[in-house]
Amino acid sequence: MSDPVLLISGAAFTDEERARLEASMPFAFVSGPPDMAALEEGTRKSIRAIAFKGHHALTGAEMDLFPSLGVIANYGVGYDAIDIAAATARGIKVTNTPDVLNDDVADLAVAMLIAQCRNMVAGDALVRSGRWSAGESFPLNRQMSGSTVGIVGLGRIGREIANRLAAFKCEIHYTSRSEKETPGWTYHSSPVEMAKAVDVLVVALVGGKETEGHVSRQVIDALGPRGIVINISRGSTIDEGALLDALEEGRIAGAGLDVFLNEPKVDPRFLKLDNVHLQPHQGSGSVETRRRMAKLQLANIEAFLAGEPLQTPVN
Ligand code: NAP
């Protein structure tokens, strides 16, 4: 067998994804960055591309194990696990899989907001338990259509969320580093000022050091008792302790969360709350979207090896 060109890194790749990568070129496999140093020297020397999936940090130390490495193709739009500065300093290109997942992630954000407003999980439990059939009634809940919503980070996914919520007759506010062209949505330069003006915050920021705790205690405090926080970005973008305090003390109404600070370990304080809706980081997790992401990841690797322009470069 020829020397491996591709390193497939990630225990999380599905069988279908791995089979597609393995059929594409000679490969080696590791579960993640901690296993890279144990690869044989000959294998490490021949690797030119890494197909990466997962949230374990991939740093300059791992990159240095592969002297011929030219591209790291990330599975996912969020590449905060990869040290981009280290890659750039070594002349290594990084790619991601933007846009193809926008619809799914935006759908989940809206679904969590509706589920939270209409108390859908408790409704399901009432029916399943037989208590509804036995005569117990379900408490009235809260209308979602027409809410005043603030999008934190009007990027690709944030815009899809705003478009959907506009169709639900919501009043759209947003905060980003710069004002955008929008169909009349209200721009705020300060997340605190926006939180004062809205009932719902939907967080769609990039992750990483620069946005750590961007939705701060001050922002959460400014939201007020009708406030609902939806997060589909990264757990790091919110001050999770401040969010938990506000939820426990009833200073905001609730939250819908697909991402957590130390996921998949979820702070046990969340599990005791009945004003939160929790999802297992499944924003892009439909069969159709994951297939598009996997194909885009491979297309970037093949483009690099053919000396062609990368489809979705990060650096
Ligand atoms: P994007 O188009 O790059 O948008 C990111 C937003 O973050 C932009 O509004 C940008 O502001 C803002 N931003 C970036 N750096 C910032 C900084 N230093 N301070 C303040 N704001 C900053 O990214 P996207 O494709 O929409 O994806 C957003 C994130 O969603 C991803 O990075 C990923 O973490 C997360 N995600 C989650 C799932 C899931 O399964 N839950 C799936 C896919 C993606 P500007 O508008 O000013 O540039």
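Modeller: Between domain 1 and domain 2, about 520 Å² of area is buried, and carbon and sulfur atoms give 47% of that. Keep in mind that this is a predicted model.

Colleague: Where do the domains run in the chain?
Modeller: Domain 1 covers 6-98 + 288-305. Domain 2 covers 102-278.

Colleague: And what separation do their centres have?
Modeller: The centres of domain 1 and domain 2 are 32 Å apart, taken over C-alpha atoms. For the contact, domain 1 supplies six residues and domain 2 supplies six residues.

Colleague: How many salt bridges are there across the interface of domain 1 and domain 2?
Modeller: One salt bridge is found there.

Colleague: OK, and what do the side chains of Asp80 and Arg234 do?
Modeller: Asp80 and Arg234 form a salt bridge through their side chains, at 3.1 Å from N to O.

Colleague: How many residue pairs are in polar contact between the domains?
Modeller: Three residue pairs between domain 1 and domain 2, both residues at pLDDT 80 or more. On the side of domain 1 that touches domain 2, two residues are nonpolar, three are polar and one is charged.

Colleague: Which backbone atoms come up to the ligand's oxygen atoms?
Modeller: A polar backbone atom of Gly155 is 3.2 Å from a ligand oxygen. For Arg156, a backbone N or O atom lies 2.9 Å from an oxygen atom of the ligand.

Colleague: What about the side chain of Ser176?
Modeller: An N or O atom in the Ser176 side chain is 2.9 Å from an oxygen atom of the ligand.

How values were computed: Residues are numbered from 1 along each chain as its sequence is written. This is a predicted model: local features need pLDDT of at least 70, side-chain atom pairs count only at pLDDT 80 or more; totals for chains, interfaces and linings use all residues. Side-chain values use heavy atoms; hydrogens and water are left out. A polar contact is a pair of N or O atoms within 3.5 Å; within protein, one must be able to donate a hydrogen and the other to accept it, and residues adjacent in sequence count only if both atoms are side-chain atoms. Domain bounds come from an automatic or database domain assignment. Contact means heavy atoms within 4.5 Å. Buried area is the accessible area (1.4 Å probe) that two parts lose on being put together, summed over both. A salt bridge is a side-chain nitrogen of Lys or Arg within 4 Å of a carboxyl oxygen of Asp or Glu. Ala, Val, Leu, Ile, Met, Phe, Trp, Tyr, Cys and Pro count as nonpolar, Asp, Glu, Lys and Arg as charged, and the others, Gly among them, as polar.
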